[in-house]
Amino acid sequence: MQYDDTGGAPSTSLRMPLVLIHGFPLDRTIWAEQTRGLADAARVIAPDLRGCGGSAMPPDATTMDAYADDVRGLLDALNIQRAIIAGVSMGGYIAFAFYRQSAARVRALILVDTRAGADSPEGKQGRDDNAALARAEGTGAIAERMLPKMLTPQTAATRANVAQDLRALMARQPVEGVAAALIAMRDRPDSTPTLAQISVPTLVIHGAEDQLIPVKESELLRDSIRGARLEIIPHAAHLPNYEQPAAFNRVVKEFLKTRVPSAN
Ligand code: MLT
């Protein structure tokens, strides 16, 4: 498993670990502005999930539980007992699985443009169609299909480098990892019953213009998780950490300062 870890630097080695779990079809580089921008507030650890970026694809079945197991294995290897767990979209599905497996190891949660519910029958069909597309035409075809939903039209029109980098990031993901992620998302459990069990400080973040996962999903998380706070990031779609990193990092730092003081 490949990962970034700012913990080697003397300035961050004693800070609370913050694990950033990427979404689909991405890798850890989607968090580049957080790895840089949050290092003065936390020890930032960003793994490539199995089959994504530079991480290998193990032979066992890929499920949300398997991804969460991998993240726990990384914490074990780094000798980290408790961490703040953050996930964007599919990374949020994995954060729910991690919490179910290992609540005692979660200091706080940050849930970004994600949802608790499982896929609808139409959603499951869409996963199969996309897995077939990835296998037949490669991940470039998935990138083309997803790009318009990832960013606001404004960013797509005026920040060509941001859109191009994101397209390239998606297109370079290995087919095997992308197809496995689609099947894992198709078969993921409903995490709605988990919400009432969450008893750690929770920050919910959503891009105001997300078309892939509507803001109402984050309102549901805020209303169902005790004490959760919701921050809406303007001028951002599905990836507010990537599209509006300054605003995103600001709300995360504020959360760490006020709700997770032991992290500072
Ligand atoms: C993601 O961004 O991780 C995916 O789009 C989530 C999903 O398709 O459910």
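Predicted model: local features only at pLDDT ≥ 70, side-chain atom pairs only at ≥ 80, totals over all residues.

Colleague: OK, which residues are around the ligand?

Modeller: Gly23, Phe24, Ser89, Met90, Tyr93, Arg127, Met146, Met185, Leu212 and His238, taking a residue as near if one of its heavy atoms lies within 4 Å of the molecule.

Colleague: And how does that shell split by class?

Modeller: There are 6 nonpolar, 3 polar and 1 charged residues.

Colleague: Which polar side-chain atom lies 2.8 Å from an oxygen atom of the ligand?

Modeller: One from Ser89. His238 also has a polar side-chain atom 2.7 Å from a ligand oxygen, and for Arg127 an N or O atom of the side chain is 2.7 Å from an oxygen atom of the ligand. The protein covers 95% of the 270 Å² of accessible area that the ligand has on its own (Shrake-Rupley method, 1.4 Å probe).

Colleague: Which pocket does the ligand take up?

Modeller: The largest one. A pocket here is an open set of points on a 1 Å grid over the protein atoms alone, where a 1.4 Å probe fits, with protein on both sides within 12 Å along at least five of seven lines; lining residues have an atom within 4 Å of a point. A molecule sits in a pocket if more than half of its atoms lie within 2 Å of its grid points.

Colleague: What's its volume, and what lines it?

Modeller: The volume is about 420 Å³. The lining has 21 residues, with Arg115, Arg127, Met146, Met185 and Leu212 nearest the centre. Helix 4 gives the largest share, 4 residues.

Colleague: Switching topic: which peptide bond is cis?

Modeller: The one from Phe24 to Pro25, with omega near -10 degrees. Most peptide bonds are trans.

Colleague: And what about the phi of Ser89?

Modeller: Ser89 has a positive phi of about 55 degrees, although it is not a glycine.

Terms used. Residues numbered from 1 in each chain as written. Heavy atoms only, no water. Polar contact = N/O pair within 3.5 Å; in protein donor to acceptor, adjacent residues only side chain to side chain. Nonpolar A, V, L, I, M, F, W, Y, C, P; charged D, E, K, R; others polar. Points joined across faces, edges and corners; volume = space filled by probe spheres on them. Helix = DSSP H or I, 4+ residues; strand = E, 2+ residues; numbered from the N terminus.
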